[in-house]
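Hi,

Here is the structure I promised to pass on.

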Amino acid sequence: MQFDYIQDKEFTAKKALLPFIKRIFKYALVYKKWFWTFVCFMGVVAIIDALFPYVWMYFIDNAITPSIEGLNLANEQGTEYEPNFLRMAMYASIYFIMGIVQITGIYFFVKFAGFIQEHVLFDLRKALFAKLQKMQFSYFDKNSSGWLLSRITSDTDRVTELISWGFIEFIWGVTMIVFCTAFMFTMSVKLTLVVLISIPVLIVISFKIRMLILKYSRLSRKVNSELIGNYTENINGVAVNKSTAQEFAALGRFKRFSGDMNKASFRAQLYTAMYGPLVIFVGTIVAAIMILWGGQLSLSGIGLTIGEFQAFLAYATLIFMPIWDIARFYSMAQGSLSAGERIFSLLDEEVLIKDKEGATDYGNINGDISFENLNFEYVKGKPVLNNLNLKIKAGQSVALVGATGEGKTTIASLISRFYEPTSGVVKIDNENYLDKTLKSLRSQMGVVLQQPYLFSGTIKENILFTKQNATDAEVENALKLVGASEFIERLNEEVGEGGEHLSEGERQLISFARAVIVEPAIFVMDEATSSIDTLTEAKIQNSIQNILEGRTSIVIAHRLSTIKTCDRILVIQKGQIIEDGNHEALLQLKGKYYHLYTKQLRLENATTIS
């Protein structure tokens with residue numbers, strides 16, 4: 001069987017780097033003092049690097065050359081010559097001082113570059129995580145956790161490297177080019193122009209390779225997201241892989257993703273690596289011209305001095321290193337652009353479920369719920385609920401019954417405002433809940449889902465998750481209410497990742513306690529007992545009346561015995577309510593509910609007998 005995996009979003013637009021760089025550097029400029037200190041120290045280091053050949057020029061022309069000439073003259077005249085060691089010591093001191101300044105500058109710019117990278121990395125990840133907390137359920141329906149994880153991990157790493165270490169190369173490169181060019185012009189305008197003519201050649205080369213790097217960087221990031229998604233999916237589903245002997249099939253799919261990743265990354269790195277050799281090749285040609293022409297001018301005695309020739313040759317060679325660094329920054333920026341597109345596409349994603357302008361808080365919710373002419377669809381053109389009208393009085397317990405896919409969970413999700421109506425109105429306490437804040441609604445709701453999820457920590461910490469200021473007495477009362485008193489002596493026990501140290505039934509009992517500790521006005525149970533053992537279900541069943549008493553309750557249950565005591569039972573079919581009444585009334589009606597209940601009862605009896 002061939003699985004059709006959801007593919008990550010593909011970016012193809014030929015966007016300029018400048019908007020991306022401006023946006024990402026806004027995060028760095030939050031730390032202005034650090035940023036500009038980093039830039040200043042980086043500039044100082046670059047200036048010192050550019051000054052070394054110039055100082056060396058004066059050293060040769062003012063100290064070495066006069067000493068050699070004086071020594072030759074003394075030899076010709078048969079006299080002794082005393083070299084000027086004081087002048088040599090002066091230049092040695094200058095070199096030493098420049099070296100100390102350079103070392104100090106390197107220390108500080110590396111320090112502040114690290115600070116900036118770590119803080120921007122933290123800010124980006126915090127912004128991404130905060131955005132994910134705001135996103136509606138439908139967003140997570142369409143994106144796997146592995147793909148979202150790659151945004152927060154590898155993509156943010158790639159982008160922040162550009163801000164710190166990539167920017168070092170850019171600042172150093174620009175400063176070096178400016179000062180090297182300025183010093184060369186003071187020596188020879190003609191030779192400097194020859195050097196500068198080579199720069200447009202490199203620009204053309206960069207432009208040609210630009211789109212190739214961007215193309216394969218985008219593909220690499222896309223496949224990387226899919227690879228992480230596949231990896232996460234198969235780690236979470238390892239039990240299914242093993243129980244169905246699909247380990248090799250899973251490995252085959254992973255190899256396919258990994259192979260695609262390898263090809264795309266190799267191409268991106270190949271074109272990135274081409275920058276260096278091309279820059280060196282052009283620089284070698286220019287250096288050869290400098291040696292030939294500059295050497296003639298120096299030897300002729302009418303052009304450059306020995307010191308100037310040496311310094312000019314050093315600058316002519318040195319200027320290509322910062323060009324190479326700028327080219328590397330450019331190629332790094334191209335690679336980061338593809339990662340940045342993914343980060344900013346998430347940050348720019350529209351939040352569909354949010355408080356509207358002027359929304360007010362609910363006071364204490366009583367629990368009246370009404371659906372008025374409500375329509376809903378997950379996919380446009382495929383309605384799930386059709387013109388649904390429903391009124392639930394405060395304090396009523398209402399069970400939703402029906403086959404899978406008929407709209408039961410959708411109704412519960414709409415009440416919880418995990419989704420919002422396509423059209424029509426949901427009212428809580430006779431007020432359109434779209435006019436109220438999400439927090440004031442959900443803080444007065446308790447929701448227990450089919451698959452309980454516990455966070456790493458203790459049992460007590462998980463119960464306190466919804467009400468962190470709850471007292472020990474409130475924790476104990478919540479456990480007693482759901483029939484889980486045995487946990488009172490185990491509150492400091494670690495549950496493990498996802499609650500792996502506990503059984504399914506134990507996790508569900510804790511999730512019940514977590515939901516009721518806030519004393520919700522509205523309580524939602526969505527197939528909360530379908531995946532637990534009979535003993536645990538019996539515990540919950542014995543406590544269910546206590547849990548539901550005094551609050552509006554929406555119960556979706558696979559086992560119909562769980563909902564017999566509910567005030568109302570609604571049979572949902574194709575998004576419509578086809579039966580409405582209590583257990584006894586619906587049995588007397590001998591309709592859909594009667595057939596569902598009697599069929600399930602026969603199956604349970606047959607299982608008990610066998």
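Glu506 and Arg490 meet through their side chains in a salt bridge, 3.1 Å from N to O. Glu506 lies in helix H16 (residues 504-516) and Arg490 in the loop between helix H15 (472-481) and H16, so the pair ties together parts that are 16 residues apart in sequence. Arg490 is partly exposed, at 23% relative accessible area. Glu493 comes in too: Arg490, Glu493 and Glu506 are linked in a network of salt bridges. Do keep in mind that this is a predicted model.

The structure holds 13 salt bridges. One of them joins Arg568 and Asp580, at 2.7 Å from N to O. Here Arg568 sits in strand E9 (residues 568-573) and Asp580 in strand E10 (residues 576-581), twelve residues apart. Arg568 is buried at 14%, while Asp580 is partly exposed at 43%.

Another pairs Arg125 with Asp157, with the closest N and O atoms 3.2 Å apart. This one links distant parts of the chain, helix H3 (residues 85-134) and helix H5, 32 residues apart.

**Around Thr156**

Thr156 lies in helix H5 (residues 145-187) and is buried, with 0% relative accessibility. A polar atom of its side chain is 2.8 Å from the backbone oxygen of Thr153. Residues that Thr156 touches include Leu121, Arg125 and Ile343.

**Strands**

E1 (residues 369-379) and E4 (residues 423-428) pair antiparallel over five bridges, with Glu372 opposite Val425. E4 also forms a hairpin with E5, with two residues between them, and Asp429 in the turn has a positive phi of about 55°.

Cheers

Key: Residues numbered from 1 in each chain as written. Predicted model: local features only at pLDDT ≥ 70, side-chain atom pairs only at ≥ 80, totals over all residues. Heavy atoms only, no water. Pairing = 2+ DSSP bridges. Helix = DSSP H or I, 4+ residues; strand = E, 2+ residues; numbered from the N terminus. Buried < 20%, exposed > 50% of the residue type's maximum accessible area, 1.4 Å probe, protein only. Polar contact = N/O pair within 3.5 Å; in protein donor to acceptor, adjacent residues only side chain to side chain. Contact = heavy atoms within 4.5 Å. Salt bridge = Lys/Arg side-chain N within 4 Å of Asp/Glu carboxyl O. Lists of a residue's contacts leave out its neighbours within four places in sequence.
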